[in-house]
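Look at the model below, then follow the text from a single residue out to the whole chain.

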Amino acid sequence: KEESTADENAQTVDHYDSDKEPSNIGGDARLHWNIDPLLSFSDWKIELSVIKDGTKSESRTYNVHKSILAVGSRRSEYFARIFYNDNFGEIKQCTSMINLRKAA
């Protein structure tokens, strides 16, 4: 059986053209929930909906990063439990759907 080294499997980038980098993610851009998830490399979504009189009245999607949510001293225990336990249905969709009831 032939073994390959890491160098044999590495991809080579001949030229990086920073002019082709999307302007909203370069230089001093800040990570933000409404950046296109493909550009920010976010790996999880939080869909937050407000329910009023049994009907969804408002909805917003936050594109987030699992490592930010679940690691470190400011982590969310809720998300850490989801990410470390593959029994939750949310894992397959990479999305948490949270419904809030609007007070009268």
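Contact here means heavy atoms within 4.5 Å. This is a predicted model, in which local features need pLDDT of at least 70, side-chain atom pairs count only at pLDDT 80 or more, and totals for chains, interfaces and linings use all residues. Residues are numbered from 1 along each chain as its sequence is written, and side-chain values use heavy atoms, with hydrogens and water left out.

Start at Ile46. Neighbours within four places in sequence are set aside; Ile46 then touches Arg60, Thr61, Tyr62, Val64, Leu69, Phe79, Ser96 and Ile98.

Ile46 also belongs to the largest nonpolar core. Such a core is a set of buried Ala, Val, Leu, Ile, Met, Phe, Trp, Tyr and Cys residues joined through side-chain atoms within 4.5 Å. Buried means under 20% relative accessible area, with a 1.4 Å probe and protein chains only. This core has 9 residues: Trp44, Ile46, Val64, Leu69, Ala70, Phe79, Ala80, Ile82 and Phe83. Helix 4 provides the largest share, 4 residues.

Now the whole chain. Its elements are 5 helices and 3 strands, in the order α-α-β-β-α-α-α-β from the N terminus. These are DSSP runs, numbered from the N terminus: helices are H or I with at least four residues, strands E with at least two. Of the 104 residues, 20% count as buried.

Finally, confidence. pLDDT is the predictor's confidence in each residue, from 0 to 100. The chain's mean is 76, and 67% of its residues reach 70 or more. Among the elements, helix 3 has the highest mean (92) and helix 1 (residues 6-9) the lowest (52).

Definitions and conventions
Buried means under 20% relative accessible area, exposed over 50%, partly exposed in between (1.4 Å probe, protein chains only).
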